[in-house]
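We will go stop by stop, with a word on what to find at each one.

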Amino acid sequence: MKQQTQNDKIELEENNIADIEIFFDEIEPEKECNYLILGALFIHSKNKEKIINQLLDFRCQNLKKKKWDLDYSSCPNKDNCKPIWHNINNTEIHFNQIRESRSSKSQIEISKSWLNFFINKNLVYVSILYIDLNKLDLSFFGNERINANIYNKFFRTIINYGLKCFFRSYEKINIKNIFYDKKRELERHYFFNNLNYDKIIYESEGNIQFEGKIHFIDSDHKLESEYKSESHLIQLIDIILGAVRQNVFFISKDRLKNKVTRIIRGKLNELKKEYWSLKYFKISFFPKNEIKSVTDLQNNKTYERNDEFYSLMDVELKMPAQETDLSQWS
């Protein structure tokens, strides 16, 4: 009886430790959408192989499919396939490439399958942060342009927030590695690569530990040499980021892009009704209020700051909930 109690204690201690990995991507601001959008995808390390294998299997669109492998010669489904079809499926999944005039059927079907996997399996956790550059005074970050100092600040913000939302039940969190879609400016930035760890640990009150490092990898698994498998998870956060932005801002009128994007519309509607409705999906915006310059009693110029995050509950989804062009039915 005593031995059983000790085993239960050991199991409880192990269950209170989360080994996780984080995958980052971003969307740069554009004329139609002056937001810097950061996305972080969190997974339990123990689930990584399972998740990647499922993403790979979704690449095969053959109804007789078994498992799928990047290499056609070793693919279990090659008897039901051809090299040319296999190579088409072995493509980088990138939201910007989804267009009615140029996308392959594979790109569309894989994107749809991945989005359905995200919203239905609950194996990955995603936090997205929209930074409104119309309200953010960039001079506070060193100069008047988007620079690595902004990424430093909000990189930590989105990690800390994701850890609190998704892993708050654990007494200790080990971050095994962080994978970031290649970005030269950040790769050369000393603070980003060497001091963010200490900052996050300090801000987390000590229950977080880093065991790995920040790896900058190519999102195209065919070009990435060392972390090919992890590239698929960068592609997954890319497709999620793009689909959310399209729902919120309706950047493109492309019918095919909208069709893919509407797969997650139901989940966004849930978040609009209740911010805490989904345990695996969070979307935030910052800042709610614009920083204003004011003059104090001594006639000195200062700033009035009322920094505040807000949620999808305060935002209109500009993309129509369904296709409004009926010309295809005529």
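## First stop: a loop residue

Select glutamate 171, which sits in the loop that joins helix H5 (148–166) to strand E4 (172–181). Helices (H or I, at least four residues) and strands (E, at least two) are DSSP runs, numbered from the N terminus. This is a predicted model, in which local features need pLDDT of at least 70 and side-chain atom pairs count only at pLDDT 80 or more, while totals for chains, interfaces and linings use all residues. Residues are numbered from 1 along each chain as its sequence is written, and side-chain values use heavy atoms, with hydrogens and water left out.

Is glutamate 171 buried or exposed? Its relative accessible area is 60%, so glutamate 171 is exposed; the cut-offs are under 20% for buried, over 50% for exposed and partly exposed in between (1.4 Å probe, protein chains only). Now show its surroundings: not counting residues up to four places away in sequence, glutamate 171 touches Asn16 and Asn207, where contact means heavy atoms within 4.5 Å. Asparagine 207 is 36 residues away in sequence, yet the C-alpha atoms are 6.6 Å apart.

## Second stop: a buried lysine

Next, go to helix H10 (residues 255–261) and pick lysine 257. Lysine 257 is buried but has no salt bridge, and the nearest side chain of opposite charge, aspartate 254, is 6.1 Å away. A salt bridge here needs a side-chain nitrogen of Lys or Arg within 4 Å of a carboxyl oxygen of Asp or Glu. Lys and Arg count as positive and Asp and Glu as negative, with His and the chain ends not counted.

What lies 2.9 Å from a polar atom of the lysine 257 side chain? Look for the backbone oxygen of isoleucine 98. Beyond four places in sequence, the contacts of lysine 257 are Phe95, Asn96, Ile98, Gln246 and Ser252.

Colour residues 48–57, helix H2, where Lys48, Ile51, Ile52, Leu55, Leu56 and Asp57 are buried.

## Last stop: cysteines and the whole chain

Select cysteine 33, buried at 2% relative accessible area, then cysteine 165, also buried, at 13%. The protein has zero disulfides, counted as cysteine sulfur pairs within 2.5 Å.

Finally, zoom out: the protein has eleven helices and ten strands, and 51% of its 330 residues are buried.

Methods: Polar contact = N/O pair within 3.5 Å; in protein donor to acceptor, adjacent residues only side chain to side chain.
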